[in-house]
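This report walks through one chain with its sequence and coordinates alongside. Please keep both in view while reading.

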Amino acid sequence: MSVNSKTWWGTSLLEALEYFTDSGRLKRGRAYSKDHRVLAWQINKGMVKATIRGNINAYFGVYKEPKYKVSVQMTHLTEAQWKKVIARLSQRASFIAKLLVGEIPDNVETVFAEFHTHFLPNSYQDFKVSCNCPDYAVPCKHIAGVCYRLANTLDQNPLLLFEMRGLAPDKLRQELIKSPLGKVLADATEVASDELDFADSLYTRPDPQTMPDKIELKQFWYGASPLPTELPELQTASIPAVVIKKGGDYPPFWQKPGSFITVMEDFYIRMRKTNLKVL
C-alpha cells in the first residue's frame, strides 16, 4: 500500500498505479513529484498537464537537461451515468452532508457499483497518459511522478476527483441542492456573514490620567485600590486547542503522512508529563 498520500482516495489512486507499474520505476517516479522537478502544473477540465525536469542520459541520447511534457487524464463517466449516480447520492443525507463540505464519503463506491461502474480508478484502462520522453515504458517515471503529485493534490482538494472523472465540483453541488434534502442541508451549512467592525487603531490606545500634584511613596507602591485577594477561576475552553484544530488533520504546511492534530495531541501529553515531573 502506498504511504505517499494522506487520504483513502489518494491512496486508492496510487494503489491502482502501483498495480500495473514496475516497482523500480515507481520508486524513481516519487522523486519526480517534488517541487524542484515540477516546472509547470495545471489542471483544467479534468486533465493534468505538467512540465517535468528530466535528467541527462547518454544511453537515450539525452545530453542536455530535458523538459518533458506530461499529461494525465482519467476516463470520464457518461452524462447518463452521472445523472443516475447524482440521483442516488441525493437520497442519502450522509452523502450530501460530506460532499457539500468538500469531503468524499467512505462508502461512495457502493453508489457507483449499483450502476456497474466505479469512481476511483482500479486499472490502467481508467487512465489516459502521455509523455514525450524517450522511455518506451508506459507509464514512465515522469508520468508516475505526476500521479504521485496528483494524489497529494487530491488530499487537499478531494472534489477534484469528480472533475477528473468528468463532473465539475460546482456542477455536483448545483445538482445536489436541487433535491429537497440537498436544499435543506445546503441552507444549514451556509453561515451568515456579519458586517465587519472597523477599529480606530491597530493597538489599544492608552487612557490618559491626570496625575496628582504630590504623590506619597506608600501611595505610589500600593496604588489607589488594593489588589484582589482571590483570582477568578479559569474557564475551561469549549473546544480545547482550537487554534491547532481549525486547520484540520492535514493543513497546507503539513506534509507528513500522519494527522497533524494527532501529533500535536501526543506532543502536549508528553510535555504535560514532563512538566509534572519537574514540578
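Predicted model: local features only at pLDDT ≥ 70, side-chain atom pairs only at ≥ 80, totals over all residues.

The residues concerned, in helix H3 (residues 79–89), are Trp82, Val85, Ile86 and Leu89. Because they cover an arc of only 100 degrees around the axis, they lie on the same side of H3. Ala80 and Lys83, by contrast, are exposed on the other side of H3.

## The sheet and the helix that packs on it

The four strands of the open sheet follow the order S1-S2-S3-S4, and their pairing is antiparallel. S1 and strand S4 (127–131) stand at the edges, where each has a single partner strand, so one side of each is left without a neighbour in the sheet. On average, and with direction ignored, neighbouring strands of this sheet are turned by 10 degrees against each other. Strands of a sheet pair through backbone hydrogen bonds, in either a parallel or an antiparallel manner.

| Strand pair | Sense | Bridges |
|---|---|---|
| S1 (residues 38–44) and S2 (residues 47–53) | antiparallel | six bridges |
| S2 and S3 (residues 67–74) | antiparallel | seven bridges |
| S3 and S4 | antiparallel | five bridges |

Tryptophan 41 has alanine 50 as its bridge partner in S2, and alanine 50 in turn has valine 70 as its bridge partner in S3. For glutamine 73, the bridge partner in S4 is lysine 128. Helix H6 (residues 141–156) packs on the sheet, where it touches S1, S2, S3 and S4, and the direction of H6 makes about 55 degrees with that of S3.

S1 and S2 form a hairpin with two residues between them, and lysine 45 in the turn has a positive phi of about 55 degrees. This is a positive value in a residue other than glycine. Lysine 45 counts as exposed because its relative accessibility is 69%.

Histidine 116, found in the loop between H5 and S4, likewise has a positive phi, of about 60 degrees, although it is not a glycine. With a relative accessible area of 77%, histidine 116 is exposed.

When its neighbours within four places in sequence are left aside, serine 33 is in contact with Val38, Gly145, Tyr148 and Arg149.

## Cysteines

How many disulfides does the model contain? The count comes to zero. A disulfide is a covalent bond between the sulfur atoms of two cysteines, and the cut-off used here requires the two sulfur atoms to be within 2.5 Å. For cysteine 131, the closest cysteine sulfur is that of cysteine 133, and because the separation is 3.6 Å it is too far for a bond. Cysteine 140 is also in no disulfide, the nearest cysteine sulfur, again that of cysteine 133, being 3.7 Å away.

The surroundings of these residues can be described as well. Cysteine 131 counts as partly exposed, with a relative accessibility of 22%, whereas cysteine 140 is buried, with a relative accessible area of 2%.

## The chain as a whole

The secondary structure of the protein chain comes to twelve helices and four strands. Its radius of gyration is 28 Å, which is well over the 19 Å given by the globule rule for 279 residues, so the chain is more spread out than a compact globule. Along its principal axes, the C-alpha trace spans about 95 × 60 × 45 Å.

Of the 279 residues, 34% count as buried. Among contacts in the protein chain with a separation of 6 or more, residues 24 or more positions apart account for 62%.

Terms used
Residues numbered from 1 in each chain as written. Heavy atoms only, no water. Buried < 20%, exposed > 50% of the residue type's maximum accessible area, 1.4 Å probe, protein only. Pairing = 2+ DSSP bridges. Arc of directions from axis to C-beta. Axes fitted to C-alpha atoms, helices over the stretch in contact; angles between N-to-C directions. Contact = heavy atoms within 4.5 Å. Rg over C-alpha atoms; globule rule 2.2 N^0.38 Å.
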